[in-house]
Amino acid sequence: MISIRFTLHLEVLKIFLLLYLIILLSFFPLKYSHAQEPAMWQLTNEDGLPSMTVYEILQDQKGYIWIATARGLCRYDGRDFIKIKTTGLLDQEIVVIIEDNYGRIWFNNLSGQIGWIDNLQMHLLSLDNMSENYLPMRFFIKDSTLLVNHKDIEAKSKWLRLSLNKKTQPFLQKEIKGKPLDYNNTLFFNGKWYSKIKNNANGLEINYIDNDSVKVEYLSVEEGLEEKNNGYNLELIDPEGELYFSSSKGLYHYDKEGKINQVFDYLSIQANNYFISDNKIWIAAKNGVFTKDLSTDKIEKIISGIDVNAFYRDHENNIWLGTTGYGVFLIPNLDLRLFKADNSNLSKSDIYSLYYDLSDEVLYAGLSGAYLATFKKEFLSFENHKLPLSGRIVTIEKDSDKNLWLGLDGGVCVYNPSNKIIKALRSAISIKVIKKDKDNNLWLGTSNYTAKIDSVNHRGIFENPFNFDHSRTIILDRRTYGLQQDHLNRTWIGTTNGIYLYKQDSTQLLFENEYTYSVSDITRSSDSSIWVGTSGDGLLRIKNDQIVQQYTMAEGLTSNNCRSLYIDQEKLYLGTDDGLSILDLSKDEIEKIDINDGLPSGEINAVIAREGTVYLGTPKGLVMFEKAKLQKNQTAPAIWISGMKINGEEIEPENNRMLPYWQNTIDFQYEGLAYRARRGEVYKYRLLGLNDDWLHTDSRAARFHALRAGAYEFQVKTINEEGIESAVPASIKFEIRAPWWKTTWFYSGLVLGLMGLSGTITFWRQRDLWKREKVEQELKSRIQLLRTEALRTQMNPHFIYNALNAIQDFVVTNDHNSALFYLAKFAEMIRQIFDYSSRELITLAEEVQFLQLYLNLEKLRFGDRVAISFAIDDALKERLEEFEIPPLLIQPLVENAFKHGLMHKLNDGKLHIFFELEKDDQIKCTVEDNGVGRAEAEKYSKWKNKNRRLSGMEATRERLKIWKGGSTESKKLVITDLKDETGKSLGTKIEIYI
């Protein structure tokens with residue numbers, strides 16, 4: 001009874017304290033809503049920024065970002081910084097930059113010097129009709145007017161109106177008469193230059209320039225301005241024409257009805273600059289960035305702890321912040337919030353697991369160092385709990401008793417959110433995943449196995465550490481990362497060695513004969529599909545125990561290495577090692593969110609989505625955003641051709657250049673301005689006149705070598721991180737002129753010259769005609785001689801004599817059939833010799849037929865002393881009729897083998913003849929014998945007459961030389977003496993290429 005009363009009094013005390021706190025807060029309203037910082041990335045001096053202190057940021061008409069720093073002015077294109085050479089400046093601290101109508105960037109340094117940048121070259125303002133002792137202090141530009149404040153030799157402040165044009169130096173138009181304006185507080189509006197505001201008896205006094213003189217205007221004050229101050233600073237004029245001015249106490253608004261409201265109470269804030277954007281006033285201050293919604297008066301602190309000098313929103317809606325000492329920060333999405341250890345009360349930044357408790361609307365985050373953090377969206381703050389174990393919290397699950405089961409590298413913990421009681425069980429085995437099934441059984445995936453703890457045992461498992469070993473049932477001896485129960489109460493187990501299915505106390509490896517998947521997570525959708533995230537193979541959809549779909553980078557995933565899965569409202573959120581992929585299950589469409597959208601890291605360890613709010617656990621903090629508010633970059637990126645080379649020499653990239661024919665190697669350099677892509681933009685280009693197809697590259701240069709004469713147009717586009725292309729390609733047209741000998745005038749002159757020389761040419765032609773006819777006659781005589789030699793070779797008396805003797809032997813031995821057969825063959829060969837000798841060319845088929853006939857007669861002559869092999873490769877055999885060669889070209893080579901090689905060999909003679917087709921339709925014929933060789937045959941021939949006529953070999957070589965104009969490059973005869981290792985002759989090989 002006492003315990004019950006004490007508990008009741010404790011609850012009443014809690015309610016009382018809560019009511020007291022609510023009442024207290026009603027009397028002391030919060031000044032600012034501390035929404036967490038947006039995710040952003042930083043540009044520093046390590047990236048090429050001249051200084052870590054930045055005073056102003058500007059995007060020019062082309063899309064380049066200009067940054068004024070404490071060490072000079074630079075231009076940024078998304079990849080590289082170009083620092084402007086500042087010869088002649090008294091100091092490098094550039095504090096003001098403005099672009100004029102002609103695309104020139106005007107600047108002002110702390111010493112008061114004014115200058116401009118044109119084509120990346122610096123020019124200083126100098127006025128010939130002014131004293132040399134004047135010092136410019138500040139300038140303003142509107143349209144083609146340059147308003148310059150300066151001090152003369154007497155340190156008197158004066159204003160000059162100058163006219164801007166395309167010339168290098170502006171020229172003086174008029175000097176502004178009257179009381180000088182405050183050069184630190186001058187703004188242009190509605191055709192007037194307004195300056196510092198004062199509060200006096202006549203109302204709100206404001207100075208302005210009208211008709212080249214300084215005048216005073218008094219604004220009536222109805223109410224709201226209690227502070228008496230003679231030095232209000234004019235800060236800005238919004239698009240509706242209303243004024244904002246400041247004092248040391250805050251920022252004030254003067255509306256059209258004359259009412260003054262304090263927009264912002266500075267307190268300890270020192271404001272550096274003001275902007276109006278998206279119906280909000282942005283204040284860049286010494287300790288961060290603040291905004292005030294003009295419609296709701298809600299004030300938010302966007303950035304804290306950083307001295308911000310400059311705020312700029314570019315064409316992609318990225319926000320650029322110039323700081324003192326921290327360089328430049330770029331915010332791609334204000335709605336993407338980042339919680340980390342140094343900007344919130346989160347104990348650590350690296351988050352490895354998330355769990356959303358629907359009953360309490362609380363988000364739990366598992367961190368390294370065994371820290372558990374609880375987070376409520378409405379308070380945007382964390383409560384941290386240190387667990388009595390070590391390592392990361394990599395998995396969180398809630399059991400039926402509303403306890404949180406936490407899996408760590410060093411064991412298992414149970415945390416009760418109601419009473420804050422923590423129970424721990426240390427283990428040498430790291431826990432990878434914990435899941436509860438519909439029967440309240442707990443499933444554990446570990447680094448060594450998969451285990452099941454039934455709903456009864458897990459309640460008392462922490463009472464005695466030894467109960468753990470007895471309470472768990474080992475299901476599978478595999479390293480497990482994914483567990484999921486399906487609609488049939490079966491448990492899917494994802495391991496590094498494949499996908500397993502547990503049912504009816506048995507485990508089955510699925511897809512055993514297919515590819516082995518390494519699983520990282522498993523979940524289930526409302527249509528009973530099982531979704532499997534893998535390491536390296538993307539996302540799998542399994543239906544009816546079959547893989548029905550696979551999603552990879554080719555289908556739009558940010559990476560094929562999946563880390564975590566979560567399904568909410570027909571959307572599957574897939575955390576990878578390179579960003580978040582969101583699969584719309586109803587449309588089968590994939591949306592990507594990565595570091596280009598503001599994520600601090602591509603590694604998504606955990607993902608939770610609840611009613612449109614997405615939470616991501618990353619190594620660099622917790623990311624939170626409203627899916628519907630997240631802005632994707634749909635701006636078409638700008639593209640510019642920044643350089644051009646001709647034959648390696650740098651030139652100005654101008655249109656319609658006319659180039660001589662030898663200047664035909666062209667290089668183009670180009671720059672695409674896609675800042676969210678973070679150096680990841682790609683390009684597509686083509687050269688019309690050469691090829692109409694687009695080529696893709698990540699390079700910023702393209703080369704075209706040895707272009708022919710003609711008209712060309714080079715076109716290039718940028719493709720940003722969202723796949724958006726440049727609206728219009730950057731292009732350059734040029735033409736390469738034809739060489740002089742291919743021009744029209746050259747052809748005309750050539751015709752006239754030919755006509756003038758025709759008489760001379762005819763004369764010399766007639767004079768040389770008889771010489772040519774004489775040469776042709778000699779050539780014909782030579783050919784006829786070769787034919788005669790070929791005929792003589794074929795009609796070798798020894799061969800005829802021996803052939804007839806062989807036929808006679810058949811007659812003597814009464815082998816009349818053989819005698820008649822060979823006599824007929826001999827007659828046929830004689831007839832073919834006379835027939836072929838009268839023809840210029842015969843087919844290869846006819847040459848082969850003649851050779852076979854000749855070999856039959858030689859076989860009759862030599863008998864068994866010579867073994868003859870004759871072969872034609874298959875590729876050539878079907879094309880024998882296609883090729884034509886001079887007649888009787890091969891036979892002299894074969895006869896030479898018999899006559900000089902095999903004649904002097906008593907037995908075991910061999911002759912091999914082989915025709916083959918080589919590349920480019922060239923025919924190769926090989927005649928190889930194992931006779932005595934050329935050297936030995938020469939000994940037998942010494943007694944012969946040295947004045948003998950042309951031999952068959954020499955005749956063949958000469959015929960090859962004369963055939964087709966005497967070319968011997970491809971028509972050649974090669975003779976090889978075959979020898980063994982001791983130098984002994986093994987015969988002769990002749991190769992003829994025709």
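## The big picture

Of the 994 residues in the chain, 48% are buried. Keep in mind that what you're looking at is a predicted model. The chain has 72 strands, along with ten helices.

Take the contacts in the chain with a separation of 6 or more: 51% of them come from residues 24 or more positions apart.

## A strand tucked inside

Strand S30 (residues 351-357) pairs with S31 in the antiparallel sense, over six bridges, and Ile-351 sits opposite Leu-367 of S31. Strand S32 (residues 371-376) pairs with S31 too, again in the antiparallel sense, this time over four bridges. Here Ala-365 has Ala-373 in S32 as its bridge partner.

## Turns and positive phi angles

What happens between those strands? The hairpin of S30 and S31 has four residues between the strands, and Glu-361 there takes a positive phi near 55°. In the hairpin of S31 and S32, three residues lie between the strands, and Gly-369 has a positive phi near 70°.

Positive phi values turn up elsewhere as well. Asp-505 isn't a glycine, yet its phi is positive, at about 60°. You'll find Asp-505 in the loop between strand S44 (498-503) and strand S45 (506-509), and its 68% relative accessibility makes it exposed. Ala-706 is another non-glycine with a positive phi, about 50° in this case. Ala-706 belongs to the loop between strand S63 (701-704) and strand S64 (710-719), and at 44% relative accessibility it counts as partly exposed.

## A buried threonine

Now for Thr-491, which is part of strand S43 (residues 491-495). Is Thr-491 buried or exposed? Its relative accessibility is 4%, so Thr-491 counts as buried.

Leaving out residues up to four places away in sequence, Thr-491 touches Trp-443, Leu-483, Gln-484, Gln-485, Tyr-500, Leu-501 and Tyr-502.

## Helices and a tryptophan patch

Helix H6 covers residues 844-862, which makes 19 residues. From first C-alpha to last, H6 reaches 26 Å, close to the 27 Å expected at 1.5 Å a residue. Just after H6 comes Gly-863, with a positive phi of about 65°.

On the surface, Trp-740, Trp-741 and Trp-745 make up a nonpolar patch, and together they have about 400 Å² of accessible area. Trp-745 is part of helix H3 (residues 744-794). With 58% relative accessibility, Trp-745 counts as exposed.

## Salt bridges

Side chains of opposite charge can pair when their charged atoms come close. Searching the whole structure turns up 36 salt bridges. One of them joins Asp-100 and Arg-104, whose closest N and O atoms are 2.8 Å apart. Asp-100 is buried at 2% relative accessibility, and Arg-104 is buried too, with a relative accessible area of 4%. Glu-300 and Lys-298 also meet in a salt bridge, at 3.3 Å from N to O. In that pair, Glu-300 is buried with a relative accessible area of 14%, whereas Lys-298 is partly exposed at 43% relative accessibility.

Which residue forms a salt bridge with Asp-597? That's Lys-632, and the closest N and O atoms of the two are 2.8 Å apart. Asp-597 is in the loop between strand S53 (589-593) and strand S54 (606-610), and Lys-632 is in the loop between strand S56 (621-626) and strand S57 (638-646), so the pair ties together parts that are 35 residues apart in sequence. Both Asp-597 and Lys-632 are buried. Finally, there's a network of salt bridges that links Asp-77, Arg-79, Glu-681 and Arg-700.

Note on methods
Residues are numbered from 1 along each chain as its sequence is written. This is a predicted model: local features need pLDDT of at least 70, side-chain atom pairs count only at pLDDT 80 or more; totals for chains, interfaces and linings use all residues. Side-chain values use heavy atoms; hydrogens and water are left out. Two strands pair if DSSP finds at least two bridges between them. Helices (H or I, at least four residues) and strands (E, at least two) are DSSP runs, numbered from the N terminus. Buried means under 20% relative accessible area, exposed over 50%, partly exposed in between (1.4 Å probe, protein chains only). Contact means heavy atoms within 4.5 Å. The expected span of a helix is 1.5 Å times one less than its number of residues. Patches are made of residues with over 30% relative accessible area and no salt bridge: like charges are joined within 9 Å, nonpolar side chains (Val, Leu, Ile, Met, Phe, Trp, Tyr) within 5 Å. Accessible areas come from the Shrake-Rupley method with a 1.4 Å probe; for residues, only the protein chains shown count as cover. A salt bridge is a side-chain nitrogen of Lys or Arg within 4 Å of a carboxyl oxygen of Asp or Glu.
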